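Dear colleague,

I am handing over the structure we spoke about, and my notes on it follow below. Please read them with the coordinates open beside you.

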Amino acid sequence: MLIFAIFGVLLLGTLLILVTHSRKPSSARSWVIAITAASLALVASFVLRLYLPSEINLTTWHIGSSFEVTLGLSIGYRNWPYIVAVLSMSVAVLLTDTTQADETTSHSSWMRVLSVTALNMVAILASNPITMAISWMAIDLVEVASLLRLSRASKLGSKITSAFGIRILSTFLLIIAASNSWASDAGQVGYIQATNSSIYSLIAAGLRLGVFPINLPFLDSPELKRGAGILFRLMPAASALVLIANLPEEFILFNTNLAGAVQVLTLVAALYSAVMWVTRPDTYEAQPYWVVALSSFAIQSALNGYPEASRVWGLALLLSGSLLFLFNPPIRRIRFLPMLGLLGFIGLPYTLAASGWEGLLPDQFNFTWLVMILTHALLVTGYVRFIMKSDSSVTGLEKFARITFPLRLVVLIQTLLLLNWVGWPGVITVGNLWGSLGSLAIVVAEVLISWRLNWQMPEASLIEKLPFYRLVILLINFLRKIMSFAWLWALLERFFRWLGNIGDFIHQILEGDGGVLWSLVFMVIVAIIFLSVGSP
Amino acid sequence: MSNTVVIWIGLPIALSFLLVSLQKYQKITAVLATIIPLILAGLAVLFSNDLVLSIAGRQFFLEDSLVLFGRTIQITAGQLGMVSVLYLVCFAWNAFSRLFIVSQWFNSLSLLITALWVSVQFINPFIYSAVVIELIALTSVPLLSPRGTPAKNGIIRFLSMQTLALPLILVSGWMVTGIETSPSAQALVLRGAILVLIGFILWVGIFPLHSWLPMLAEESHPWTISFLLVLMQVGLALFFLKFLNQYGWLRNLPELDTFLKWIGALCILSAGVIAAFQSNLNRMLGYFFLAETGYLAFSMAFRGSGGLEVLTMTLFPRILAHWALAVSLASMQRITRSETLTFEVLKGIIRRYPFASVLLLASILNLIGMPLFSLYPTKHIVWKLISTDNLPLSLLSAVGVLGMLTMFLRLFSTMINPGNQNHQTGSEESNVEEIGLIIMVVVILMVIILPGLFPNVLSRPVQELLISFENLT
Amino acid sequence: MSEILTQIPIYLVLLAALVNLTRRQWTINLVALTVQYLFLFPLVRSVLPMELALIQPFTGLMVTLILYLTLVSVGGIEKVKLNIKPTSGEIFRALAGLLLLVMLQSFLPGLQREVFPLVPSDHLFASMGLILIGLLQLGTISEPFYIAIGILTFLSGFQLLYYALDYSYLLEALLVTVNLLLAIVGAFFIVKNAESETT
């Protein structure tokens, strides 16, 4: 019942803002309603921890037929942390809006924050792929509607289309997975999926997270740089991460070849994104790479047979990520606060991500270890670098914002710490010492170099003096071109045109003057086929 | 009057002729053509348990058959469910017909065509219905080809194909007389099956004999063509079930199910792949019908594993989906004042007419079978049945759906990207959409989304629809 | 002698159908259609009683009349010019039609033995010939008037065949309605085309 209370509070908040604002517009009142609703929901979500696990049936399709399907929600240790994370993010984002007074922070954006949070919660809590697919579709439609309202939407047309297209494709793959899982496990209810179809779910999640292929279109619009924009970019990842966390551990056995290909793609995506993350000039531009890199970690965990371990990387993506991205303006005096976000993904013993190493590093030492540890270290370095670069002062803020600004960061930090303590049984663990210490060693070295460079990227003249500079630059440029996947789209476009030409030719034959005669020929062919099938 | 055949076939035919004579008064004919099918559908529901009606202690009995030219036409209580579905379709299309510029004959002929489709289901011997289907095709001509424009290729192709199907069906009926008792029936069974199947392939327009579907959809008003195609799809599906129900040799033919499955996959695949390259929305309407025929074929092929249950469950959602698409296309056509909806016309339209655009996109997503929309709960079952059956069929169907999604994304991209001219003149601001249109869009969106979450709302009323096919249920 | 006499209607019917397939002169086509329907009567009479056998030719004449009146109303009837040289298209269609009939003749015994053992071979030849020429007409032209003639030829061939297989008053009534509606539809197309040409 508590879960309904959370949804109720969020939806009631949305409705209240809508009604009160239409009667007598007041931004202050709308904001108070929004922050109250989100905070109440956050508190309730903590209480929910006492009732884990539990199941709620929402509706049953096709009652009385042999095709009954139950749509429902289930709350367990795999998705409860995500619920807490997204609610914390909403509270933090709403607090952010007190520091930014412009036309993009209005009652409608707060309504959107509450409603999108509620929708994402449905996806996170979905008890089966069908429920999740429905909520994905709803989220995508809401998101594409808000993207179309961006001030620069007309210039972003093709990027919006590809972003939406990839979402649609991921939903399609999820429904394929749902169809297949039922085929082999008709009796199963709840989330557990058939192992033979899980690879589709994984690819669906990978697509949604932007990993296969790297596909987070860089949508550059002022609204997306602010709180709600960040929320909308990070939050949809949560349900995809839950999907990964729910994959059966043994699914890899059924799809060895495909899983191998996916693993290679993931490793490349992770390393490439980490390099891009650490080299971007600001956090806004680096955001997509953060999502891809940590999502790759989550997928890697699933591929290594530890889907549950993906949870910590997902939480890091959401909580540590929003902590950094909401640290705007980056005020120098309080930069220790976002630095605490490192606790979410540094992976040292007894921190939140300590249990994530077992998913990231395969049981046997191999090349993957090196790539993953290096990638992790690059992510940490980038994170530290972006915080250390902060150069704003507190004087630019309004009086009340001097309280709310750090408060939003505190909300996220306290959630991190709380999850680190009571997130799930066994959350406090030493983890893989080789992984954490190896990564730490690289980070220390990188941080020292960055410190010497004053947290800026080294100047071009300095880099040029490095050994094999030309070769490395050539390699990086080549990799960037490959990873941009522009070649793939061009190839697909050419293939599409080629197919279109063939289609046109067939059209002309079938719809031209001789079409009826062709139809007669086809009739004869159909008859022959049927006779050949029918003859003994 | 106290005869089911007179009430649900004779009377509407007579009334349709009356409406023809009243067609100068367009408003009156529209109102009558809306009310009459609604009443007929309501009565059909009322009598669907028993042909007796008790009012204030008096009982009204209906006879269930009528002899005409020595042959019997019979509509029993159990069959009235089908009648009500057909008249509801007629009601749904007539209720909105005044909003769009359709043929002046639409109201009267739609009622006549519906009555003829009803008669198709109940003429005995049932293969004579093939001639009635030809009559329907001929009666549709004034609707499909309004005056003032020359007759185009689509309608001529349509007539040709419908005519070709007629002898195949009639001869099949003669050929298989007494086949059940024939000692060397195998060859005859195969021949009979070929004739029946090719007849149906020509009627519904299955790839590669589908060319008339997109051609006709391109030439005709979307409101009219969707009405005719919906009735045809429902009517022919029921008629094919009648064949299966009556002809044991056809029903028990082992190759039939395999054939139907491949037909289904081919329809979904061809519709999706061809639609992916189209730049004319009117033509796409034809491809959507082709794809839906594929799903119907699958439902019939899987009748041993509950396929017919799926067919009934999907009946109303499918009709609603086509109806919503027709509303959106006809609205688009009206607001853009263009005869055909090419991508060129639709460039950047989402900024000018957001509500109408959203309705169009949602209707297409619905027909593709995406989650959240009304067709998903039943399409999901068909996909599951296919995936249990065999991999190539699943792959072909999946490619078909992907093709449809590609088409959707191309359309979406066109609608959000303003054309160069528009962009320069800064006509991106929203044009004012009529409040009536906005309300209609919101209501239709609810109508196609709510059953996507609660499909029982639409599937439960038709649960017993196929009860009269005693050999199939 | 009597055998030759019975075969004359068959060849006249097929010849009329071939003329309709080949020539594109409305007046000649209407005359050929009339001949086709008139000479169907002895063929139908061989399998049906007199009063029933009259129905099809009578319907055919009505159909022709409807088309004729429509053509008159749109000014489509012109003086017949018999000395026009045949075009390559006309020669092709005529040859294709003839080829079809020759092929049909060679397949006829097998078809009769396997599928229609109850239908006399002359009857079968005439009906299948009309069906095939009708199909060829449908496949080689998209002008509404000729499509209507193609469908009418196809249907009359089929009706001829079906009379030898089965007869039903209901079916006959329905087929008569189809024929008449088809003529009306053909007339509708002719009027539409004429209207759109004048506007």
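Please keep in mind throughout that this is a predicted model. I begin inside chain B, where the count between domain 1 and domain 2 is 10 residue pairs in polar contact, both residues of each pair being at pLDDT 80 or more. Helix H3 (80-95) and helix H4 (106-122) of chain B each supply at least two residues of the side of domain 1 that touches domain 2, and H4(B) gives the most to that side, with 12 residues. Sorted by class, the side of domain 1 of chain B that touches domain 2 of chain B has 23 nonpolar, 7 polar and 1 charged residues. Across this interface of domain 1 and domain 2 of chain B, the rule finds 0 salt bridges.

As for the division itself, domain 1 of chain B covers 1-124 and domain 2 covers 125-462, with 31 residues of domain 1 and 38 residues of domain 2 taking part in the contact. The C-alpha centres of these two domains of chain B lie 24 Å apart. The size of an interface is often given as the accessible area lost when the parts come together. For domain 1 and domain 2 of chain B, the buried area is about 3300 Å², and carbon and sulfur atoms give 79% of it. Of the area that domain 1 of chain B buries against domain 2 of chain B, 25% is supplied by B:Trp93, B:Phe100 and B:Trp117, more than by any other three residues.

The area buried between chain A and chain B is about 5200 Å², with 77% of it given by carbon and sulfur atoms. Across the interface of chain A and chain B the rule finds 1 salt bridge, in which the side chains of A:Glu511 and B:Arg283 meet at 2.7 Å, N to O. The count of residue pairs in polar contact between chain A and chain B, both at pLDDT 80 or more, is 9.

A:Asp140 forms a salt bridge with A:Arg208, the closest N and O atoms being 2.6 Å apart. Because A:Asp140 lies in helix H5 of chain A and A:Arg208 in helix H7 (residues 198-209) of chain A, the pair ties together parts that are 68 residues apart in sequence. A:Asp140 counts as buried at 1% relative accessibility, and A:Arg208 is buried as well, with a relative accessible area of 4%.

Another salt bridge joins A:Arg167 to A:Glu143, with 2.9 Å between the closest N and O atoms. A:Arg167 lies in helix H6 of chain A and A:Glu143 in helix H5 of chain A, so this pair ties together parts that are 24 residues apart in sequence; both A:Arg167 and A:Glu143 are buried. A:Asp140, A:Glu143, A:Arg167 and A:Arg208 are linked in a network of salt bridges.

A further pair sits within one helix: the side chains of A:Glu493 and A:Arg497 meet in a salt bridge at 3.0 Å, N to O, and both residues lie in helix H19 of chain A, 4 residues apart, about one turn of the helix. Here A:Glu493 is partly exposed, with a relative accessible area of 43%, while A:Arg497 counts as exposed at 54% relative accessibility.

Leaving aside residues up to four places away in sequence, C:Leu152 touches C:Leu33, C:Tyr37, C:Val63, C:Leu67, C:Asn179 and C:Leu182. The C-alpha atoms of C:Leu152 and C:Gly60 are separated by 8.6 Å, although these residues are 92 residues apart along the chain.

With best regards

Note on methods: Residues numbered from 1 in each chain as written. Chains lettered and ligands numbered in written order. Predicted model: local features only at pLDDT ≥ 70, side-chain atom pairs only at ≥ 80, totals over all residues. Heavy atoms only, no water. Domains from an automatic or database assignment. Contact = heavy atoms within 4.5 Å. Buried area = accessible area lost by both parts, 1.4 Å probe. Salt bridge = Lys/Arg side-chain N within 4 Å of Asp/Glu carboxyl O. Polar contact = N/O pair within 3.5 Å; in protein donor to acceptor, adjacent residues only side chain to side chain. Nonpolar A, V, L, I, M, F, W, Y, C, P; charged D, E, K, R; others polar. Buried < 20%, exposed > 50% of the residue type's maximum accessible area, 1.4 Å probe, protein only.
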